[in-house]
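Open the model in your viewer and keep the selection tool ready. The stops below go from the whole chain to one residue.

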Amino acid sequence: MPPLERDILAHAVNERLDEITWTHRARYSRAFRDSTPRSAPFAALIHLLEGSEFAPPDRLPGVVAAAAEALGVTLTVHLVDYEQRCLHPLPPDDGAPALDVETTLAGRAYRQVRVLAAETPGRPRLWVPLVDGVERLGVLEVGVEDPEDLYDPGLRTQCRWSAMLIAHLVTLLDQYGDGVDRARLRRHRSVNAELIWSLLPPLTAGVDRFVVSGALEPRHGVSGDAFDYALSETTATLIVLDAVGNDLRSGLITAAALAAHRSARHAGHGLVEQAAAIDRTIARQFGDTASATAVLAELDLATGRLRYLNAGHPAPLVLRSGEVVKRLTAGRCPPLGQGVGEPRVAEVVLEPDDWLVLYTDGVTEAGGARGEPFGEHGLADFLRREATAGNPPPETARRLVKAVLDHHHGTLQDDATVLLARWTSPDHVTR
């Protein structure tokens with residue numbers, strides 16, 4: 001391949017993999033410079049890139065199979081369902097057993113975001129996490145003939161590269177059709193839930209010094225809870241909403257609130273203006289019986305300074321070294337839609353590795369077998385155990401929603417939403 005064409009292809013791959021770290025980008029660039037047209041990893045990436053061009057989501061398994069042939073392995077994509085309970089093959093196969101996230105090696109690879117080897121007789125394979133940026137989507141099953149290949153660092157690197165690109169393609173192609181969604185959606189969604197899910201950002205995202213991860217239940221029937229965020233080099237902007245009611249009207253209130261928040265945010269307005277825009281929109285469109293509680297927050301990623309407003313919502317928590325050290329009780333104003341007046345923005349300064357915990361009342365008010373709520377103390381105890389286990393925000397959010405559901409015997413009377421964020425100072429970066 002002429003050098004110019006090879007450089008153009010390398011540039012195209014780097015553009016498509018905009019969530020991969022600069023270290024991994026450098027590795028890709030070195031691989032392309034050293035590659036020949038017959039190089040297996042080079043050919044595999046070409047199959048993934050060229051095969052996905054103008055491809056509907058349904059074609060992704062075939063594209064992955066072509067890449068597998070180039071690598072001399074078998075590749076099977078397993079996507080996690082929206083409940084994050086099981087991993088399901090792509091394309092969906094009713095005869096194939098789902099892989100439990102809690103009890104299988106594949107699930108462990110997903111939970112811990114680690115490449116794990118299975119030396120099953122006659123079926124040696126690797127489980128490689130499928131991660132787009134920092135959002136976990138599932139695992140890639142890599143079948144090999146020789147068990148010794150499981151520990152070949154070159155093959156592991158090639159499979160990790162392929163998994164990165166496949167995860168990115170899953171995210172991209174999911175926007176064009178239902179082929180990917182069918183593998184992840186295990187229960188019929190209500191109209192309300194479809195509306196809310198269509199508005200949500202990715203459940204997990206991150207920049208160098210900040211990771212944010214959200215979860216909400218019931219995922220198939222959420223009514224009025226939602227969250228949003230915007231990340232830049234300098235700032236993280238967050239919002240958690242809970243609209244009054246449990247019907248389609250509550251979903252419409254939430255949709256209008258999110259749209260108003262994004263409109264104000266895109267215009268460069270601050271927290272007070274964002275809250276006022278949501279307040280006006282709800283009042284004008286739905287009347288004086290409609291409202292939404294919310295927390296709006298803005299974090300300076302260089303200094304850890306957190307500014308926030310609380311519109312009738314449960315107080316956010318700050319978690320430090322596994323302990324809840326602060327309840328953010330200031331910055332209060334009425335629920336949005338009821339006239340916010342002139343709210344005062346509250347401030348607090350986070351320390352490196354602090355967690356910010358935003359949640360709706362469905363988390364703490366979920367009743368157990370005897371009617372006792374999960375409660376803020378239950379939430380604090382759960383967060384303390386998770387910090388001791390060292391789980392990152394995405395896994396903690398998944399486990400928290402599961403714990404709330406288990407406490408309520410699998411059926412919630414209200415939406416339960418959590419948004420977890422971890423900040424690290426510029427000179428104290430951890431992942």
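Helix axes here are lines fitted to C-alpha atoms over the stretch in contact, and angles run from 0 to 180 degrees between N-to-C directions. Helices (H or I, at least four residues) and strands (E, at least two) are DSSP runs, numbered from the N terminus. This is a predicted model: local features need pLDDT of at least 70, side-chain atom pairs count only at pLDDT 80 or more, and totals for chains, interfaces and linings use all residues. Residues are numbered from 1 along each chain as its sequence is written, and side-chain values use heavy atoms, with hydrogens and water left out.

**Whole protein.** Colour by secondary structure: there are 13 helices and 18 strands. Of the 431 residues, 54% are buried (under 20% relative accessible area, 1.4 Å probe, protein chains only).

**Helix pair.** Select residues 248-266, helix H9, and residues 271-286, helix H10. How far apart are their axes, and at what angle do the helices pack? The axes lie 8 Å apart, at an angle of about 140°. Now show the side chains in contact (heavy atoms within 4.5 Å). From H9 they include Leu 252, Ile 253 and Ala 256; from H10, Ala 277, Ile 278 and Phe 286 are among them. By class, this contact has ten nonpolar, three polar and three charged residues.

**One residue.** Stay in H9 and pick Thr 254. Is Thr 254 buried or exposed? Thr 254 is buried, because its relative accessible area is 2%. Leaving out residues up to four places away in sequence, Thr 254 touches Ile 196, Gly 224, Asp 225, Ala 226, Leu 241 and Ala 243.

Terms used. Buried < 20%, exposed > 50% of the residue type's maximum accessible area, 1.4 Å probe, protein only. Nonpolar A, V, L, I, M, F, W, Y, C, P; charged D, E, K, R; others polar.
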